[in-house]
Amino acid sequence: MNSLRLFVVSDSVGETGELVAKAAISQYLNADQNVVLKRFPYIDSIAHLQEIIKLAAEQQAFIVYTLVSKELREYIVSETSKRDVSAVDLMGPLLDALEKELKAAPLEEAGLVRKLDDDYFKKVEAIEFAVKYDDGRDPRGILMADIVLVGISRTSKTPLSQYLAHKRLKVANVPLVPEVDPPEELYQVDPAKCFGLVISPDKLNSIRKERLIALGLNDDANYARISRIHEEITHFEKVVGKIGCEVIDVTNRAVEETANLILSKQKG
């Protein structure tokens with residue numbers, strides 16, 4: 001079997017071109033023993049291509065390329081033909097076909113897949129953060145969070161944390177009950193990052209009764225009594241007053257509405 005020198009040319013890191021090339025090579029038994037593969041990443045100019053094609057001609061190398069720039073692809077076709085260098089375009093034919101199908105021109109911006117991947121992983125990281133620091137489980141998360149939510153039970157802290165996490169924000173939430181002192185970290189956080197969530201006593205009374213019934217418990221438990229709710233709200237007001245953070249009334253707001261309000265404050 002003949003030996004092969006393979007140049008993978010890309011305007012990004014070149015992973016796609018290398019993976020496709022290796023997938024094709026794997027179809028030839030023991031071909032990997034006869035292949036020398038060299039990657040040329042971040043190629044963004046004709047000058048760079050000139051040097052690579054010249055080197056390929058000298059070494060009799062085969063070029064595989066993934067370039068989004070039509071100008072650079074056309075140059076490779078022209079120059080490799082002149083120098084009798086074999087080359088395969090992995091990206092161009094698909095871009096051309098999609099352009100016809102979508103009736104829109106490609107952006108021709110390198111590395112967009114990697115940017116999308118980074119965005120995805122940031123979202124996953126934020127979601128994991130929200131789970132880890134949900135319901136005051138670990139107060140250390142308060143100082144690491146982008147946003148800290150504070151409120152008594154059943155004020156939508158957890159669903160709001162998850163919603164904001166999907167916006168790539170790291171959120172910690174802290175429940176407040178009169179019998180337990182808030183973590184000291186809560187008073188160290190930047191008040192601009194902290195939001196208190198409050199709800200009308202009557203609405204909360206209804207929500208808590210439904211919660212108790214769903215759990216198979218008696219709906220007149222202390223948890224759902226108006227007197228207990230007023231006690232918790234009074235405690236909440238003392239804590240957020242000491243923090244100095246903004247308070248949002250979530251009584252008649254959907255989670256999305258509250259989240260958008262918080263996001264607008266962050267941008268401001």
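**Helices and sheets, term by term**

Trainee: E58 lies in helix 2. Why does E58 count as exposed?

Mentor: Quick note first: this is a predicted model, where local features need pLDDT of at least 70, side-chain atom pairs count only at pLDDT 80 or more, and totals for chains, interfaces and linings use all residues. Residues are numbered from 1 along each chain as its sequence is written, and side-chain values use heavy atoms, leaving out hydrogens and water. Now, exposed means over 50% relative accessible area (buried is under 20%, partly exposed in between, with a 1.4 Å probe and protein chains only). E58 has 56% relative accessibility, so E58 counts as exposed.

Trainee: What makes helix 2 roughly parallel to helix 3?

Mentor: Helix 2 (residues 46-59) and helix 3 pack at an angle of about 30°, with axes 10 Å apart. Roughly parallel covers angles under 35 degrees (over 145 is roughly antiparallel, 65 to 115 roughly perpendicular, the rest oblique). So helix 2 comes out roughly parallel to helix 3. Angles run from 0 to 180 degrees between N-to-C directions, on axes fitted to C-alpha atoms, for helices over the stretch in contact.

Trainee: Which residues meet there?

Mentor: From helix 2, I46, L49, Q50, I53, K54 and A57; from helix 3, E71, L72, Y75, I76, E79, T80 and R83. The contact of helix 2 with helix 3 has seven nonpolar, two polar and four charged residues. Contact here means heavy atoms within 4.5 Å.

Trainee: On to the sheets. How do you know that strand 3 and strand 4 pair?

Mentor: Two strands pair if DSSP finds at least two bridges between them. Strand 3 (residues 62-66) is joined to strand 4 by three, running parallel. In one of these pairings, Y65 has D89 in strand 4 as its bridge partner. The open sheet they belong to has the order 2-1-3-4, with parallel pairing. Helix 3 (residues 70-83) lies across strand 3 and strand 4, at about 170° to strand 3.

Trainee: And what makes strand 6 and strand 8 edge strands?

Mentor: Their open sheet has four strands, in the order 6-5-7-8, with parallel pairing. Strand 6 (171-175) and strand 8 (246-249) each have a single partner strand, so one side of each is left without a neighbour in the sheet. The twist averages 25° from one strand to the next. Strand 7 (residues 194-198) pairs with strand 8 over four bridges, and V198 stands opposite D249.

Conventions
Helix = DSSP H or I, 4+ residues; strand = E, 2+ residues; numbered from the N terminus. Nonpolar A, V, L, I, M, F, W, Y, C, P; charged D, E, K, R; others polar.
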